[in-house]
Amino acid sequence: QVQLVESGGGLVQPGGSLRLSCAASGRVFRADTMGWYRQTPGKERDVVASITSDGQTTYAESAKGRFTISRDNAKVTVDLQMNSLKPEDTAVYYCGAELLSWGPLDEVIAGRYWGQGTQVTVSW
């Protein structure tokens, strides 16, 4: 099964840092755009940062200057380095990606996938 698995969330104090990682598994051979999204109760899921296969990045205004997204095309992974964290950054963070994989009949399957989410809490 094709999956995205996140790791690296946790509890940090304001001003602290966390690094989130996301790895694709299964018969994946390529990822197009990959990104990180966050969601709080009662609110829609919003993009935090995204990165294209050739390294072009986009950030939410609230993340600019504090967060850095990066990827490894060979390993099909994407990371989010979060610095100078604020309480308002508290949310469940999700990895999302456009993935190409081999299907059971060796056909190419293209799809949008989401990780299970990882909790980030910024508090004293």
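Buried residues are those under 20% relative accessible area, exposed residues those over 50%, and partly exposed residues those in between, computed with a 1.4 Å probe on protein chains only. Helices (H or I, at least four residues) and strands (E, at least two) are DSSP runs, numbered from the N terminus.

The structure is a predicted model, in which local features need pLDDT of at least 70 and side-chain atom pairs count only at pLDDT 80 or more, while totals for chains, interfaces and linings use all residues. Residues are numbered from 1 along each chain as its sequence is written, and side-chain values use heavy atoms, with hydrogens and water left out.

## Strand E3 and its sheet

Strands of a sheet pair through backbone hydrogen bonds, either parallel or antiparallel. Two strands are taken to pair if DSSP finds at least two bridges between them. Strand E1 (residues 3-7) is joined to E3 by five bridges, and these two strands run antiparallel. Within that pairing, Glu-6 stands opposite Cys-22 of E3. E3 is also joined to E8 by six bridges, again in an antiparallel arrangement. Arg-19 has Gln-81 of E8 as its bridge partner, and Ala-23 has Thr-77 of E8.

Four strands form an open sheet with antiparallel pairing, in the order E1-E3-E8-E7. E1 and E7 are the edge strands, each pairing on one side only. On average, neighbouring strands of this sheet are turned by 15° against each other, direction ignored; the axes are lines fitted to C-alpha atoms, for helices over the stretch in contact, and angles run from 0 to 180 degrees between N-to-C directions.

## The nonpolar core

In soluble globular proteins, nonpolar side chains tend to be buried together. A nonpolar core is here a set of buried Ala, Val, Leu, Ile, Met, Phe, Trp, Tyr and Cys residues joined through side-chain atoms within 4.5 Å. The largest such core has 29 residues, and Trp-36, Phe-67, Val-78, Leu-80, Met-82, Tyr-93 and Leu-99 touch the most other members. Two or more residues each are given to this core by E3, strand E4 (28-39), strand E5 (46-51), E7, E8, E9 and strand E11 (118-122). E9 supplies the largest share, five residues.

Leaving aside neighbours within four places in sequence, Val-78 is in contact (heavy atoms within 4.5 Å) with residues including Leu-20, Cys-22, Met-34, Trp-36, Ile-51, Ile-69 and Cys-95.

## The disulfide

The structure holds one disulfide, a pair of cysteine sulfur atoms within 2.5 Å. Cys-22 and Cys-95 form this link, with their sulfur atoms 2.1 Å apart. The link is left-handed, with -75° about the S-S bond. Because Cys-22 lies in strand E3 and Cys-95 in strand E9, the pair ties together parts that are 73 residues apart in sequence. Cys-22 is buried at 1% relative accessibility, and Cys-95 is buried at 0%.

## Salt bridges

A salt bridge is a side-chain nitrogen of Lys or Arg within 4 Å of a carboxyl oxygen of Asp or Glu. The whole structure contains eight salt bridges, including those in the table.

| Asp-106 | Arg-27 | 3.2 Å |

Asp-89, in the loop between E8 and E9, and Arg-38, in strand E4, are 51 residues apart, and their pair links distant parts of the chain. Asp-89 is buried at 1% relative accessibility, and Arg-38 is buried at 16%. Arg-38, Arg-66 and Asp-89 are linked in a network of salt bridges. By contrast, Asp-106 is exposed at 53%, and Arg-27 is partly exposed at 44%.

## Two loop residues with positive phi

Most residues other than glycine have a negative phi, and most peptide bonds are trans. Val-76 has a positive phi of about 55° although it is not a glycine. Val-76 lies in the loop between strand E7 (67-72) and strand E8 (77-82) and is buried at 7% relative accessibility. Ser-84 likewise has a positive phi, near 50°. Ser-84 is placed in the loop between E8 and E9 and is partly exposed, with a relative accessible area of 41%.
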